[in-house]
Each structure stands twice: as structure tokens, then as C-alpha cells.
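Hi,

Here is the structure I said I would pass on. Have a look at it first, and then read on for what turned up.

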Amino acid sequence: MSLDELDLLMVCGGSYWQSGKAPDLGLLLRAARDKGVVLAGICDGTRVLAQAGVLDKVRHTSNCADNLQQLGYAGGAMYQDVPWAVADQRIVTAPGTAPSTFTQEVLRALGIADQKLAAYLALHGAEHGKASAIQPAR
């Protein structure tokens with residue numbers, strides 16, 4: 001498969017990206033960005049995008065600013081401290097706690113957005129719109 005066949009390259013999170021055993025995806029991610037492929041990273045997947053340098057000049061987010069700052073990346077001024085996904089120039093990032101808005105922004109970047117999708121995502125994101133109380137065991 002070549003990059004010409006891809007619309008999206010997504011890097012999912014996980015502790016593996018901080019293990020020291022993860023592969024360097026920098027060349028692949030920069031080449032994909034240069035070809036106009038949508039790049040997406042959630043949770044520690046954002047670290048991979050930062051290490052590749054693709055977040056240096058676009059608005060982005062992650063689990064927290066320190067998660068990326070410790071990498072020595074150059075995009076700190078573009079970091080958005082928000083609990084939802086951020087999309088800019090076909091690059092989508094999100095903290096691990098924002099799967100609904102991450103899905104929304106990825107699909108929007110791919111040109112897939114309609115009222116049915118909005119209703120579906122609103123349904124799945126509804127629980128985040130109000131404080132939930134932990135119920136004691138009975």
C-alpha cells in the first residue's frame with residue numbers, strides 16, 4: 001500500500017509510545033502530511049505526531065501540555081489546553097478522554113459530516129455534558 005491510497009493515518013494512544021520500544025514514524029507521518037493525508041492522534045498518539053514535527057505549526061491538543069513539552073517539540077505555542085479534539089490543517093488531535101469529538105473531527109476532516117452523524121455523536125457525547133455522581137453500592 002502506498003500513501004497515495006490513504007485518506008487517513010491515525011495513531012492511537014497507549015503506553016507503548018512511552019516505552020522506548022516504539023518505532024520512529026516521523027518519516028511516514030511527514031510524507032503523509034505532505035501528500036495531504038489526514039493525520040490523527042489521540043491520547044499518547046499525539047506524542048508521535050509531536051515527535052514527527054507535524055504539530056509544530058498547527059493548533060493541537062493532547063492529554064496535557066507536559067505530555068508533549070517533555071519531548072522538546074517546537075509546537076508549544078500552538079497547544080490548546082481543551083478537553084475536546086482540535087483540528088487544524090487536516091491534523092486532528094485529542095486527549096484520551098475525548099473519543100466522541102475526536103471521531104467527529106476525523107470524519108469532518110475526511111468530508112464525512114451530516115445530520116445523522118451529528119445526532120449519533122451527540123448521543124454518545126451526552127454523558128459528558130453533565131456532572132455524574134458516583135452512586136454508592138447497595
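How many salt bridges does the count come to? It comes to three, bearing in mind that this is a predicted model.

Let me go through them. Asp4 pairs with Lys35, with their closest N and O atoms 3.1 Å apart. That bridge links distant parts of the chain, since Asp4 sits in the segment before β1 and Lys35 in the loop between α1 and β2, 31 residues apart. Asp4 is exposed, at a relative accessible area of 61%.

Another salt bridge joins the side chains of Arg33 and Asp34, at 3.2 Å from N to O. Asp34 is exposed, with 60% relative accessible area, while Arg33 is partly exposed at 33%.

Then there is Glu105 with Arg108, whose side chains meet at 3.0 Å, N to O. Both belong to helix α4 and are three residues apart, about one turn of the helix. Arg108 is partly exposed, with a relative accessible area of 45%. Glu105 has 14% relative accessibility, and because the cut-off for buried is under 20%, Glu105 counts as buried. Leaving out residues up to four places away in sequence, Glu105 touches Ala85, Ala87 and Val92.

Now the overall picture. The protein chain has five helices and four strands, in the order β-α-β-α-α-β-β-α-α along the sequence. The C-alpha trace spans about 55 × 35 × 30 Å along its principal axes. Of the 138 residues, 35% count as buried. If you take contacts between residues at least 6 apart in sequence, 51% of them join residues at least 24 apart. The chain exposes about 8,400 Å², and carbon and sulfur atoms supply 54% of that area.

On to the inside. The largest nonpolar core has 19 residues, and the members touching the most others are Leu29, Leu39, Leu49, Val54, Leu55 and Ile91. β1, α1 and α2 are the elements that give two or more residues to this core, and α2 gives the most, with four. Apart from this core lies another one of eight residues, including Ile42, Val92, Ala94 and Ala98.

Setting aside neighbours within four places in sequence, its contacts are Leu9, Leu29, Ala32, Arg33, Leu49, Val54, Arg90, Ile91 and Val92.

What about helix α2 itself, residues 45-52? It is mostly covered, with seven of its eight residues buried: Gly45, Thr46, Arg47, Val48, Leu49, Ala50 and Ala52. The cover over these buried residues includes β1 (8-11), α1 (26-34), β2 (38-42), α3 (65-69) and β4 (91-94). Gly53 follows the helix, with a positive phi near 85 degrees.

Last, the aromatics: the structure holds one aromatic pair. The rings of Tyr16 and Trp17 have centres 6.1 Å apart and planes at 65 degrees, so the pair is edge-to-face. Tyr16 is partly exposed, with a relative accessible area of 42%, whereas Trp17 is buried at 18%.

Cheers

Technical notes. Residues are numbered from 1 along each chain as its sequence is written. This is a predicted model: local features need pLDDT of at least 70, side-chain atom pairs count only at pLDDT 80 or more; totals for chains, interfaces and linings use all residues. Side-chain values use heavy atoms; hydrogens and water are left out. Buried means under 20% relative accessible area, exposed over 50%, partly exposed in between (1.4 Å probe, protein chains only). Contact means heavy atoms within 4.5 Å. A nonpolar core is a set of buried Ala, Val, Leu, Ile, Met, Phe, Trp, Tyr and Cys residues joined through side-chain atoms within 4.5 Å. Rings of Phe, Tyr and Trp (its six-membered ring) pair if their centres lie within 6.5 Å; planes under 30 degrees apart count as stacked, over 60 as edge-to-face and the rest as tilted. Accessible areas come from the Shrake-Rupley method with a 1.4 Å probe; for residues, only the protein chains shown count as cover. A salt bridge is a side-chain nitrogen of Lys or Arg within 4 Å of a carboxyl oxygen of Asp or Glu.
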